[in-house]
Amino acid sequence: MKSLSDLIAILDETGYPVAFSSFSSEGSTQAPALPYIIVMDPSSDNMFADNTVYVQIDEYRVELYAEYKSTAIEKVLEDVFKAHEIPWNKDSDYIESEKMNRTSYYIEI
């Protein structure tokens, strides 16, 4: 995997709706039914040598939204990551104002 478009194609394998940044940026006026995935803007963790970026590493946050915390829903995404040899870390929280659970996965490409 080398690009954001590669990442989106991989995430599509979950069968969950996927958008970069928000569904409104994808031309939709509202989010689809839960569960769905949002890929957030990357930060970087580049490697440097000789006063230049030697290796560019983009860090993405892949957010999985669901009505409630569900290991079965998370496992679908985690199995896709495993199939593509994408290592990840995650955390989870409940968004009270939206009445939904967010599980955030942190990956590098």
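Several elements cover the buried residues of helix H2, including helix H1 (4–12), strand E2 (36–44), strand E5 (58–66), strand E6 (89–95) and strand E7 (100–108). The model described here is predicted.

The residues of H2 that are buried are Ile73, Glu74, Leu77, Glu78, Val80 and Phe81.

## Dimensions and end of the helix

Helix H2 spans residues 71–83, a run of 13 residues. From its first C-alpha to its last it reaches 18 Å, close to the 18 Å expected at 1.5 Å a residue.

Glutamate 85 follows H2, and its phi is positive, near 55°.

## Salt bridges involving helix H2

In the whole structure, a search finds 7 salt bridges. One of them joins lysine 90 to glutamate 78, with the closest N and O atoms 2.8 Å apart. This pair links distant parts of the chain: glutamate 78 lies in helix H2 and lysine 90 in strand E6, 12 residues apart.

How exposed or buried are the two partners? Glutamate 78 has a relative accessibility of 17% and therefore counts as buried, since the cut-off for buried is under 20%. Lysine 90, with a relative accessible area of 35%, is partly exposed.

Another salt bridge is formed by the side chains of glutamate 63 and arginine 61, at 2.6 Å from N to O. Glutamate 63 counts as buried because its relative accessibility is 4%. Arginine 61 is partly exposed, its relative accessible area being 30%.

The side chains of arginine 102 and aspartate 93 also meet in a salt bridge, with an N to O distance of 2.7 Å. Which class of accessibility applies to arginine 102? At 22% relative accessibility, arginine 102 counts as partly exposed. Aspartate 93 is likewise partly exposed, at 28% relative accessibility.

Terms used
Residues numbered from 1 in each chain as written. Predicted model: local features only at pLDDT ≥ 70, side-chain atom pairs only at ≥ 80, totals over all residues. Heavy atoms only, no water. Helix = DSSP H or I, 4+ residues; strand = E, 2+ residues; numbered from the N terminus. Expected span 1.5 Å × (residues − 1). Buried < 20%, exposed > 50% of the residue type's maximum accessible area, 1.4 Å probe, protein only. Contact = heavy atoms within 4.5 Å. Salt bridge = Lys/Arg side-chain N within 4 Å of Asp/Glu carboxyl O.
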